[in-house]
Amino acid sequence: GYFMAATPHCPSEPLRIGSNGKYDEVDTNKETTCEKWTHGACPNMVSFPDYPCLVNCVADEEGCAAANPQTPAIDKFTDPHLCVSCEITACKRCTFVAA
């Protein structure tokens, strides 16, 4: 399942997206971030493929890709701790139509 995708040293429990860009522990509703929750070991957030309101904490881009193949990269300029579809934000907004 989805919980197995996290790298071994990262927790498999998800966080829930809360308010103001913060994250909440699912069991306690305590506000946190992946960086705080994992003491810096797994600072990046990757959303679940089928449940975008839940995130796993991963260590790096490899963890992003393993947890959600649709978000294998980190855009270091826009949000250095969020797994996204590509490293350059512009590619998410542009579409190419073959003539």
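Start by selecting T38 and C34: in this predicted model, the side chain of T38 reaches the backbone oxygen of C34 at 2.7 Å, a polar contact in the sense of a pair of N or O atoms within 3.5 Å, where within protein one must be able to donate a hydrogen and the other to accept it, and where residues adjacent in sequence count only if both atoms are side-chain atoms. The model being predicted, local features need pLDDT of at least 70 and side-chain atom pairs count only at pLDDT 80 or more, whereas totals for chains, interfaces and linings use all residues. Residues are numbered from 1 along each chain as its sequence is written, and side-chain values use heavy atoms, with hydrogens and water left out.

**Around T38**

T38 sits in the loop between helix 1 (34-37) and strand 4 (44-47); helices (H or I, at least four residues) and strands (E, at least two) are DSSP runs, numbered from the N terminus. With a relative accessible area of 9%, T38 is buried, where buried means under 20% relative accessible area, exposed over 50%, and partly exposed in between (1.4 Å probe, protein chains only).

**The disulfides**

Next, display the cysteine side chains. How many disulfides does the structure hold? There are three disulfides, each being a pair of cysteine sulfur atoms within 2.5 Å. A disulfide is a covalent bond between the sulfur atoms of two cysteines.

Select C34 and C57, whose sulfur atoms lie 2.1 Å apart in a disulfide. This pair links distant parts of the chain, with C34 in helix 1 and C57 in strand 5 (residues 54-58), 23 residues apart. The link of C34 and C57 is left-handed, with -80 degrees about the S-S bond. C34 counts as buried at 1% relative accessibility, and C57 is buried as well, with a relative accessible area of 0%.

Move on to C10 and C42, which form a disulfide with their sulfur atoms 2.0 Å apart. C10 counts as buried at 6% relative accessibility, and C42 counts as buried at 0%.

Then select C64 and C83, which are joined by a disulfide with an S to S distance of 1.9 Å. C64 lies in helix 2 (residues 61-67) and C83 in strand 7 (residues 83-84), so the pair, 19 residues apart, links distant parts of the chain. The link of C64 and C83 is left-handed, with -65 degrees about the S-S bond, and both C64 and C83 are buried.

For contrast, select C53, which is exposed, with a relative accessible area of 52%.

**Around C83**

Keep C83 selected and show what surrounds this residue. C83 is buried, with a relative accessible area of 5%, and touches N44, M45, V46, V58, C64, T71 and A73, not counting residues up to four places away in sequence. A distance to draw is the one between the C-alpha atoms of C83 and D60, which are 23 residues apart along the chain and separated by 8.8 Å.

**The sheet**

In which order do the five strands of the open sheet stand? Their order is 3-2-1-5-4, and the pairing is antiparallel; two strands pair if DSSP finds at least two bridges between them. Strand 3 (31-32) and strand 4 stand at the edges, each with a single partner strand, so one side of each is left without a neighbour in the sheet. Strand 1 and strand 5 pair in the antiparallel sense over two bridges, and to see a bridge select R16, whose partner in strand 5 is L54.

**The whole chain**

Finally, zoom out to the whole protein, whose secondary structure comes to three helices and seven strands, running β-β-β-α-β-β-α-β-β-α from the N terminus on. Of its 99 residues, 34% count as buried. Among contacts between residues at least 6 apart in sequence, 33% join residues at least 24 apart. With the surface displayed, the accessible area comes to about 6300 Å², of which 58% belongs to carbon and sulfur atoms; accessible areas come from the Shrake-Rupley method with a 1.4 Å probe, and for residues only the protein chains shown count as cover.

Definitions and conventions
Contact means heavy atoms within 4.5 Å.
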